[in-house]
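Please look over the model shown below before reading on.

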Amino acid sequence: MKNLDAALLPDFKTWTAPPLPSEIPHGDMPGDKVHIGDDHIAKANRVFPALLEKAEAVLQQNPFGRCVVTVCGGSGVGKSETASLLSYYFTQAGLGSYTLSGDNYPHRIPMYNDAERLRIFREGGIRGLITSGVYCADAAAILRELWCSEEDAAPAKVKEYPWLALYQKAGRAALAGYLGHPAEQDFAQLTEIVRQFKNGADTIWLKRMGRSDTELYYENVDFSAVRVLIIEWTHGNSDYYAGVDIPILLNSTPQETAAYRKLRNRDGKTDSAFTTMVLEIEQRLLEQQAHKAAFIIAKSGELLSYAQYRALMAQS
């Protein structure tokens with residue numbers, strides 16, 4: 001695929017949202033289900049004209065007329081839905097698009113990755129107690145009880161066991177060195193996919209990862225008519241891989257994320273203290289990477305400058 005003729009590019013100034021069918025293509029994560037609501041549509045419609053303008057500049061600069069966009073954000077912010085809409089809009093505008101799910105690229109299937117996260121936290125916590133000279137047989141016995149009740153990451157337990165603050169701090173530090181890092185995510189493989197795409201590859205082998213050992217395979221995907229690759233992923237704006245042209249951050253404050261997850265849990269259960277810790281660490285990573293985002297979209301759908309984003313997060 002060669003470079004684009006600028007005269008054939010759609011006019012971002014006159015773009016209007018096309019009608020939406022009952023279903024549109026979505027990311028390539030096996031079993032992924034996308035439920036598009038009015039809020040997702042509002043976000044996509046708000047950002048797409050400006051995104052189209054930026055994408056057209058990139059398309060003209062790339063020798064093969066290709067551009068890579070990423071849609072990142074925390075849990076429940078609507079990454080899959082928004083990315084699917086943007087991809088559909090690009091295709092309807094005459095720029096073929098494909099949505100890649102970064103959730104296919106951890107080194108471990110979800111069950112094993114969850115276990116590895118917990119192992120790293122607990123081992124890091126114990127090492128912290130040993131370093132502080134606090135670890136003993138009594139502490140070990142109490143920790144085993146807390147592990148069984150899944151309360152070892154609960155801040156409230158520190159009142160009962162003050163030494164647990166050392167355990168949680170050390171465990172959190174160990175976990176922060178794993179989440180969103182190359183030990184957890186295969187950034188090298190994504191960098192290679194992006195490189196192949198931007199160098200004009202007609203087909204690329206893409207990974208598919210389900211929730212069991214037998215749901216791991218690769219599919220040779222046809223990119224011959226694709227101009228825009230959209231990567232939807234929590235870590236889409238990470239420094240650990242290269243080649244993204246236009247990062248988009250879908251932001252939500254910690255309070256908004258907590259409210260969404262509580263609403264989504266129909267059985268009334270709240271997140272465990274450990275899950276909350278994971279989400280907090282991932283939120284911190286997103287904040288550290290936010291300065292690179294070309295567009296920041298608030299939960300309300302408003303486009304934010306980086307200064308407005310910082311002010312909003314400071315308030316929360």
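**Gly236 and its surroundings**

Leaving aside residues up to four places away in sequence, Gly236 touches Thr70, Cys72, Tyr241 and Val244, where contact means heavy atoms within 4.5 Å. This is a predicted model, in which local features need pLDDT of at least 70 and side-chain atom pairs count only at pLDDT 80 or more, while totals for chains, interfaces and linings use all residues. Residues are numbered from 1 along each chain as its sequence is written, and side-chain values use heavy atoms, with hydrogens and water left out.

- Gly236 is placed in the loop between strand S5 (228-232) and strand S6 (246-250); helices (H or I, at least four residues) and strands (E, at least two) are DSSP runs, numbered from the N terminus.
- With a relative accessible area of 2%, Gly236 is buried, on a scale where buried means under 20% relative accessible area, exposed over 50% and partly exposed in between (1.4 Å probe, protein chains only).
- Gly236 and Thr253 are 17 residues apart along the chain, and their C-alpha atoms are separated by 18 Å.

- Glu56 lies in helix H1 (residues 38-61) and is buried, its relative accessible area being 8%.
- Not counting residues up to four places away in sequence, Glu56 touches Leu9, Pro10, Asp11 and Phe12.
- Glu150 is found in the loop between helix H4 (137-148) and helix H5 (164-176), and it counts as exposed because its relative accessibility is 56%.
- Although Glu150 is not a glycine, it has a positive phi of about 55 degrees; most residues other than glycine have a negative phi.
- Glu151 also lies in the loop between H4 and H5, but at 29% relative accessibility Glu151 counts as partly exposed.
- Glu151 touches Leu146 and Lys157, again not counting residues up to four places away in sequence.
- Although Glu151 and Phe274 are 123 residues apart in sequence, they are 8.1 Å apart in space, C-alpha to C-alpha.

**Helices H3 and H8**

- The axes of helix H3 (residues 110-131) and helix H8 (residues 273-289) come within 12 Å and cross at roughly 90 degrees; axes are lines fitted to C-alpha atoms, for helices over the stretch in contact, and angles run from 0 to 180 degrees between N-to-C directions.
- H3 and H8 are therefore roughly perpendicular to each other, given that angles under 35 degrees count as roughly parallel, over 145 as roughly antiparallel, 65 to 115 as roughly perpendicular and the rest as oblique.
- On the H3 side, Arg117, Leu118 and Phe121 meet Phe274, Met277, Val278 and Glu282 of H8.
- By class, this contact of H3 with H8 has 5 nonpolar, no polar and 2 charged residues; Ala, Val, Leu, Ile, Met, Phe, Trp, Tyr, Cys and Pro count as nonpolar, Asp, Glu, Lys and Arg as charged, and the others, Gly among them, as polar.

**The protein as a whole**

- The secondary structure comes to 9 helices and 8 strands, and the C-alpha atoms fill a box of roughly 75 × 40 × 35 Å, taken along the principal axes.
- Of the 316 residues in the protein, 49% are buried.
- Among contacts with a separation of 6 or more, 78% are accounted for by residues 24 or more positions apart.
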